[in-house]
Amino acid sequence: MKIAWVAAASSLLLLAHTPGSGQVVRPYKIYQVKHEDGRVFIVGENYGPVPFSVILRVKLVSMRSSVPLPARVALPPDAAPHVLVTLTPEKADFSYRYSTQGDVGVYTGQVPDSIRNCPLPFQAATDTIRPREKAPKQYAFALPDGTPIVAVRAGTVAYVRQDQKNARSSKKGNTVFIYHADGTYGSYSNLAQYGATVQVGQAVQPGQVIGRFGGNKYETNFWFTLVYLTQTDVAGSPILFERRRLRP
């Protein structure tokens, strides 16, 4: 079946900052395509190096969806257009409205077991581990400025932001995401401004230095979270850290 590519109202979902520059990389996009027979296709394209999962929420009037809604759909990193959902009119007077939320990784429907004997994600002599009060599976560490931050698992760098000097929250701070083969990713947050030493698409090994900590006057801790996808959101996996620190 040929699709008439009539309209493409793009909705960019993730902005990854290229290390060492102000350039913004747009790894994937979601847009709508209207067929001449009235059908609407919600389409996604992933230009990044790792899979992304999209939550698609749609409000329909006199239309039906090809999949149950809301839908969680994975986009492979192949830069090809993938139809996420097809909306078909049932009456002449129809309408729709959709919103999307994108996350690094793949939704598997499984909750990871507690990760035991996980190496500490830094090179420093410290035993101070503080689960955050509002996010108990986001682990905070009191580290000296300049501490090397290391990958705890092998994976591919999916996101880098390092242009912030003094961020008041982890969502706006300097962060590296490393995607793992099981669909999860490690979030390494509160790095020093321009302190990342990796770039999007780079393969990393356990113990490899990925950046440096420090320099944020509003937040003095380094944050680490092992993130997995739920059907409608993301969550942190419980971790039991070992005291042996990784060396590159």
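The model is predicted: local features need pLDDT of at least 70, side-chain atom pairs count only at pLDDT 80 or more, and totals for chains, interfaces and linings use all residues. Residues are numbered from 1 along each chain as its sequence is written, and side-chain values use heavy atoms, leaving out hydrogens and water.

Select F141, I149, V176, Y188, I210 and F222. Within the largest nonpolar core, of 26 residues, these touch the most other members. Such a core is a set of buried Ala, Val, Leu, Ile, Met, Phe, Trp, Tyr and Cys residues joined through side-chain atoms within 4.5 Å. Buried means under 20% relative accessible area, with a 1.4 Å probe and protein chains only.

Now colour the strands (DSSP runs of E, at least two residues, numbered from the N terminus). Those giving two or more residues to this core include β11 (115-120), β16 (175-179) and β21 (221-229). β21 gives the most, with three residues.

Centre on V176. Its contacts (heavy atoms within 4.5 Å) beyond four places in sequence include V157, Y188, L191 and I210.

A second, separate core has 21 residues, among them V40, V104, A158 and F177.

Next, show the rings of F122, Y139, F141, Y188, F222, F224 and F241. Ring pairs link them into a cluster. Rings of Phe, Tyr and Trp (its six-membered ring) pair if their centres lie within 6.5 Å.

Finish at P51, in the loop between β5 (40-46) and β6 (52-61). P51 counts as buried because its relative accessibility is 16%. P51 touches P77 and V104, among others. P51 and P77 lie 26 residues apart in sequence, yet 5.4 Å apart in space, C-alpha to C-alpha.

Notes: Buried means under 20% relative accessible area, exposed over 50%, partly exposed in between (1.4 Å probe, protein chains only). Helices (H or I, at least four residues) and strands (E, at least two) are DSSP runs, numbered from the N terminus. Rings of Phe, Tyr and Trp (its six-membered ring) pair if their centres lie within 6.5 Å; planes under 30 degrees apart count as stacked, over 60 as edge-to-face and the rest as tilted.
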